[in-house]
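User: I would like to go through this model with a focus on the ligand and the pockets. Could we begin with the ligand?

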Amino acid sequence: MSMSNANFPMDPEGRTYHVGIKRGELANRIITVGDPARAIVLSRSLDGVDPATPAKTVPTNLFSHASHRGFLTVTGRYKGTPVSIVAIGMGVSMMDFFVRECRAVVDGPMIMIRLGSCGSLSDAKVGDICVPSSSYLVQRNYDYFADDASSTASPYILSKKFDADPEVTAMLVKNMSAQLGDNHVWKGVNATADSFYSSQGRQDENFIDNNQELFTELVKHEPGTLTLEMETFLLYHLARTSTAAPLKQESRLKQEATSNQHSIRAGACMMVFAQRKSNEFISKEDVVRVEPLAGKAVFDSLVEVSLGEESELHATEGS
Ligand code: R1P
């Protein structure tokens, strides 16, 4: 594949380097998931899908594109409104590729909602849904493990919180409650970790992680900590640092980090797969039951939020 522009690589068709999408293929309203199989399950809730479509394939009436780096994009309509589903894999780097490359090929305001899975540090049970109004980052402090580490260093660094869009969060809570019942929906704060293992407090006898006290530290840092996963912080952070409109080089230098004009509105919700206090893990049957219901609640929220002016969608259906 030949690319031009080393600063923001695109191929001759205008496809981005990793997500592999081009202008006209993506809606302003996006649900992002980790697992491509989850994207396919959710695609069955879109308009006009033939129920006879085999379970593991994207319905043929929808646009879809699988990139060479493992991103899967599906675009169609939900209750008549254009929406996309993008499966991104795992971790904050993949979230960074997703948010920046999708932003680059869509005009106008956007809304991005993550539907993920998570570990619960609270009383939320496996199969319950958590809707975090903010998220912070848990990073392994690599310097702590260096031979010449400072004696005052901590093994994990906990960032400040970044907020979700409050209207999107309120809609997610309302729509999740409608699908699953109030007592299965939890509000609070998410912690995004840079590892599934060490910075989520998992004990691994093959490595020195110094994470035995991590849960206590997280709750001390932020008493409302509900969940641990690996992407949401970066979605909230990038929405908060998105500019109101593309900036020219000169105005980029002047842009205030505190500007409250942003082109991306973000929200997230997670299905509890792992109960970290009781050590319980979700059953396959519960995943099959909860995923489509949670997906409908996210689609309803995506299309209920007013975005003002949206770009025209040209995605060729079924390609
Ligand atoms: C780890 O197993 C993965 O599951 C969670 C974590 O954030 C991480 O990506 O989310 P997804 O279910 O969306 O992948």
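Analyst: An oxygen atom of the ligand is 2.9 Å from an N or O atom in the side chain of Arg114. A polar contact here is a pair of N or O atoms within 3.5 Å; within protein, one must be able to donate a hydrogen and the other to accept it, and residues adjacent in sequence count only if both atoms are side-chain atoms.

User: What should I know about the model and the numbering?

Analyst: This is a predicted model, in which local features need pLDDT of at least 70 and side-chain atom pairs count only at pLDDT 80 or more, while totals for chains, interfaces and linings use all residues. Residues are numbered from 1 along each chain as its sequence is written, and side-chain values use heavy atoms, with hydrogens and water left out.

User: How far is a polar side-chain atom of Glu231 from an oxygen atom of the ligand?

Analyst: The distance is 2.5 Å for Glu231. For the side chain of Arg38, an N or O atom is 3.1 Å from a ligand oxygen.

User: Which residues surround the ligand?

Analyst: They are Gly34, Arg38, Met90, Arg114, Gly116, Ser117, Phe196, Glu229, Met230 and Glu231; a residue counts as near if one of its heavy atoms lies within 4 Å of the molecule.

User: Moving to pockets, what is the volume of the largest pocket?

Analyst: The largest pocket has about 920 Å³, a volume being the space filled by probe spheres set on grid points joined across faces, edges and corners. A pocket is an open set of points on a 1 Å grid over the protein atoms alone, where a 1.4 Å probe fits, with protein on both sides within 12 Å along at least five of seven lines; lining residues have an atom within 4 Å of a point.

User: Which residues lie nearest its centre?

Analyst: Of the 29 lining residues of the largest pocket, Arg100, Arg103, Ala104, Thr243 and Pro246 do. Helix α2 gives the most to that lining, with 4 residues; helices are DSSP runs of H or I, at least four residues, and strands are runs of E, at least two, numbered from the N terminus.

User: And the second largest pocket, how many residues line it?

Analyst: The second largest pocket has 31 lining residues, with Asp35, Arg38, Ser117, Phe273 and Glu291 nearest its centre. Its space is about 720 Å³. Elements giving two or more residues to this lining are α1, β5, β10 (225–229), β11 and α7.

User: Which residues of α1 are buried?

Analyst: In α1 (residues 36–43), Arg38, Ala39, Ile40, Leu42 and Ser43 are buried, meaning under 20% relative accessible area with a 1.4 Å probe, protein chains only.

Methods
Buried means under 20% relative accessible area, exposed over 50%, partly exposed in between (1.4 Å probe, protein chains only).
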